[in-house]
Amino acid sequence: MSVSSRSGDTSLPILRPRRATVSATLAANEALARKRREGIPVLPLAFGEAGLPVHPALRRELAGAVQHNAYGPVAGAAVLRTASAGYWSRRGLPTDPCLMVCGPGSKALLFGLVLTLGGDVAMPRPSWVSYAAQAGLAGAGAVFVPTPPGEGGVPDPEALADEVVRARAEGRDLRTVVVTIPDNPTGTMARPDTVRRLCEVARDNGLVIISDEIYRDLVHDPGRAIPTPAAFAPERTVVTTALSKNLALGGWRLGVARLPDSPFGHALRDELLGVVSEIWSSAPAPIQHAAAYAFTEPPELVEHIARSRRLHAGVARAVADCFADAGACVPQPEAGFYVYPDLAPLRDHLAAEYDVRTGAGLSGLLLDRYGVGVLPGSAFGEPAEALRLRVATSLLYGDTDEERLTALSTPHPEELPWIAAALGRLREVLADLTGTGQAGGAAPVPVPRPGTRA
């Protein structure tokens with residue numbers, strides 16, 4: 001631990017500032033929670049939690065697994081590795097269970113991989129907040145590469161090739177590229193040709209590909225193929241996923257990594273297990289056994305995921321429409337529960353009325369003035385002046401399990417009273433913000449009384 005002294009007080013060490021702070025998503029969630037405790041209605045659009053109850057079958061499986069109380073293999077229980085290998089095999093990627101490694105969430109696995117692989121990490125701009133933070137914690141550097149227009153989650157292949165040359169000319173040790181298919185924060189998905197060309201660049205430059213595919217089961221069009229790099233560059237691609245998004249099991253913290261069936265993949269497995277054995281020993285045994293059931297994909301869970309996909313798609317589209325109607329540029333959501341509007345067309349108005357000139361300033365205004373929680377694009381590697389926002393829609397489904405289950409079973413969830421009220425509130429806020437509501441946007445939109453749905 002790095003410490004520094006403080007004049008006149010040597011009783012405790014003073015922590016030296018690090019590059020990482022509390023994750024932006026978690027910090028925004030805590031800010032909204034404080035407002036709730038103060039009785040201020042909020043519109044929670046910052047935290048990427050799937051927002052749905054645990055399926056009864058999974059509750060049953062977890063209850064039946066409580067007797068598993070011993071440390072297990074670092075790589076995970078055999079039953080889980082076999083089940084998760086089957087999950088990938090059914091998706092066109094035949095998988096040896098011996099090349100599956102599980103951990104307490106895919107986030108932990110991603111960090112373990114970055115530590116094990118070493119070197120700098122290339123990633124899309126924008127990309128999930130933790131990729132760059134984890135690279136920094138591992139003592140590596142993050143190399144942001146822009147994505148092709150309309151295709152989030154994958155660096156532009158030609159730009160990546162240029163960045164590899166530039167980084168290595170500067171003496172940097174760039175070893176890995178991370179992609180997200182489908183993407184968080186944009187809610188879009190790269191095209192197959194883009195992924196194929198990225199894999200060619202990775203192969204030509206000796207890069208390892210980490211493909212974060214935690215949202216792959218939530219593509220809004222279930223017939224659309226997922227262009228995984230593991231199909232184009234199987235010898236160098238690690239694929240991760242978890243249960244926290246498709247089955248809304250964020251609190252279970254269980255993820256899996258599929259390693260390549262190549263000499264490199266087998267060597268990586270040995271080194272990865274050595275690293276993570278010093279971090280988490282083994283994932284919680286009862287959760288592993290319940291997760292094994294989930295990865296076998298019984299019909300009841302397949303249907304549950306299909307209904308979740310429909311719910312996410314309907315509400316994300318409705319939120320995207322709210323921003324588009326207010327004058328923002330909004331990519332059409334294609335997967336998951338994210339919308340990524342760009343308020344650049346409103347830049348002059350926001351600067352004149354509110355002195356807002358950055359994404360952080362815009363998200364701060366929405367939180368402080370209106371109780372609307374969103375994240376600025378700068379949290380995802382965008383320039384500070386970008387007026388793009390990551391909007392997570394999945395906590396609009398209801399305040400109770402009864403409301404959320406109703407939302408799951410309804411063909412048009414955006415028409416339910418509590419979801420429609422949240423969408424109406426968002427439209428009011430955006431109308432006021434952009435000056436198309438109350439005159440000049442000079443006064444805040446009145447917030448609902450405490451205890452009502454915002």
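Colleague: How many aromatic pairs are there?
Modeller: The count comes to six aromatic pairs. Rings of Phe, Tyr and Trp (its six-membered ring) pair if their centres lie within 6.5 Å; planes under 30 degrees apart are stacked, over 60 edge-to-face, and the rest tilted. This is a predicted model, where local features need pLDDT of at least 70 and side-chain atom pairs pLDDT 80 or more, while totals for chains, interfaces and linings use all residues. Residues are numbered from 1 along each chain as its sequence is written, and side-chain values use heavy atoms, with hydrogens and water left out.

Colleague: What kind of pair do Y87 and W88 form?
Modeller: Y87 and W88 are edge-to-face, 5.0 Å centre to centre with 85 degrees between the planes.

Colleague: Are those two buried or exposed?
Modeller: Both Y87 and W88 are buried. Buried means under 20% relative accessible area, exposed over 50%, and partly exposed in between, using a 1.4 Å probe and protein chains only.

Colleague: What else is around Y87?
Modeller: Y87, W88 and F295 form one aromatic cluster. The charged end of R91 also sits over the ring of Y87, 3.6 Å from its centre. For that, NZ of Lys or CZ of Arg must be within 6 Å of the ring centre and within 35 degrees of the ring normal.

Colleague: And L80, where is that found?
Modeller: L80 is in helix α3, residues 78-89. Helices (H or I, at least four residues) and strands (E, at least two) are DSSP runs, numbered from the N terminus. L80 is buried, with a relative accessible area of 0%.

Colleague: Which residues does L80 touch?
Modeller: Leaving out residues up to four places away in sequence, L80 touches C102, L254, Q288, A291, A292 and F295. Contact means heavy atoms within 4.5 Å.

Colleague: Next topic, helix α4. How many residues does α4 have?
Modeller: Helix α4 (residues 106-117) has twelve residues. From first C-alpha to last, α4 reaches 16 Å, close to the 16 Å expected at 1.5 Å a residue. The expected span is 1.5 Å times one less than the number of residues.

Colleague: Which residues of α4 are buried?
Modeller: S106, L109, L110, G112, L113, V114, T116 and L117 are buried in α4.

Colleague: What follows α4?
Modeller: G118 does, and its phi is positive, near 70 degrees.

Colleague: Now the sheet. What is the order of its three strands?
Modeller: This open sheet runs β11-β14-β13, with antiparallel pairing. Two strands pair if DSSP finds at least two bridges between them. β11 and β13 (375-376) stand at the edges with a single partner strand each, so one side of each is left without a neighbour in the sheet.

Colleague: Over how many bridges do β13 and β14 pair?
Modeller: β13 and β14 (residues 389-392) pair over two bridges, in the antiparallel sense. P376 stands opposite L389 in β14.

Colleague: Last topic, cysteines. How many disulfides?
Modeller: The count is zero disulfides, where a disulfide is a pair of cysteine sulfur atoms within 2.5 Å. For C322, the nearest cysteine sulfur is that of C329, 16 Å away.

Colleague: Is C322 buried or exposed?
Modeller: C322 is buried, with a relative accessible area of 2%. C199 also counts as buried, at 1% relative accessibility.
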